[in-house]
Amino acid sequence: RTTRDALDYVIGSVHGIGRGRDRIEYNPAGQFLKTRGTTAFAERARFEEPQLQRLILERHLALVREGILETGIDIVGHPTFTPLAALGDPEAAYGTDWQERLIALCVEHGVAIELNEAYGVPHREFLIRAQQRGARFSVGSDTHFALEPLDRTEAMIADAGLVTDRFLAGRRPHGAPEQP
């Protein structure tokens, strides 16, 4: 029996990507999103550059794919949390093609998509697309502190019209993904 078999679920979340010898950290964008945008996103101009946006999207998706195929994650934590989420228009930042690729990867492998209280991601249109494609969902906070009420998550569920029978409940059967 492995450590993974002893766990209820394995969640994989991307918090940064490699760029040559450098690393692009998502934390500054995360702080902006956690404060509900009450402060300025200091790195906004940097992440508005189209070439950097493409790099982030492709590397982010590659890391999610690796987590699914090589690590065997059950849940993709905050799947659209990148610095692009702090730019304001998620439909523009995460083009439909990219969203569809991420959703298809999750659906194909039975991996749930997390609705994240702390960052408020994914956005409504993504959630609607994911539900239409048969995705499963989970709720999370990505917090290392006391869990607050999930008001933001409840609003996300209601706004996207998500049905609760598509959410993970309980424990996954050991050694196999939970079946919907």
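Which residue in β3 stands opposite Arg19?

Modeller: It is Asp22 that stands opposite Arg19. Before we go on, please keep in mind that this is a predicted model, in which local features need pLDDT of at least 70 and side-chain atom pairs count only at pLDDT 80 or more, while totals for chains, interfaces and linings use all residues. Residues are numbered from 1 along each chain as its sequence is written, and side-chain values use heavy atoms, with hydrogens and water left out.

Your pair belongs to strands β2 (residues 16-19) and β3 (residues 22-25), which pair in the antiparallel sense over 4 bridges. Strands here are DSSP runs of E with at least two residues, helices are runs of H or I with at least four, and both are numbered from the N terminus; two strands pair if DSSP finds at least two bridges between them. The hairpin has 2 residues between its strands, and Gly20 takes a positive phi near 65 degrees there.

Now to the open sheet. Its 4 strands run in the order β1-β4-β5-β6, with parallel pairing. β1 (11-13) and β6 are at the edges with a single partner strand each, so one side of each has no neighbour in the sheet. On average, neighbouring strands are turned by 30 degrees against each other, direction ignored. Within this sheet, β4 (residues 75-77) pairs with β5 over 2 bridges, and Val76 stands opposite Ile113 in β5.

Helix α8 packs on the sheet, where it touches β5 and β6, and its direction makes about 125 degrees with that of β5. For such angles, axes are lines fitted to C-alpha atoms, for helices over the stretch in contact, and the values run from 0 to 180 degrees between N-to-C directions. Contact means heavy atoms within 4.5 Å.

Which residues of α8 (residues 151-160) are buried? They are Thr153, Met156, Ile157 and Ala160. These four cover an arc of only 95 degrees around the axis, which puts them on the same side of α8; the arc is that of the directions from the helix axis to the C-beta atoms. On the other side, Asp151, Glu154 and Ala158 are exposed. Buried means under 20% relative accessible area and exposed over 50%, with partly exposed in between (1.4 Å probe, protein chains only). The cover over the buried residues of α8 includes β5 (112-116), α7 (124-132) and β6 (137-140). After α8 comes Gly161, with a positive phi near 65 degrees.

Cys106 brings us back to Val76 and Ile113. This residue lies in helix α6 and is buried, with a relative accessible area of 0%. Apart from its neighbours within four places in sequence, Cys106 is in contact with Ile68, Val76, Val111 and Ile113.

His78, in the loop between β4 and α5 (90-93), has a positive phi near 30 degrees, although it is a residue other than glycine. His78 counts as buried, at 0% relative accessibility. Pro122 sits in the loop between β5 and α7, and a cis peptide bond joins Val121 to Pro122, with omega about 0 degrees. For background, most residues other than glycine have a negative phi, and most peptide bonds are trans.
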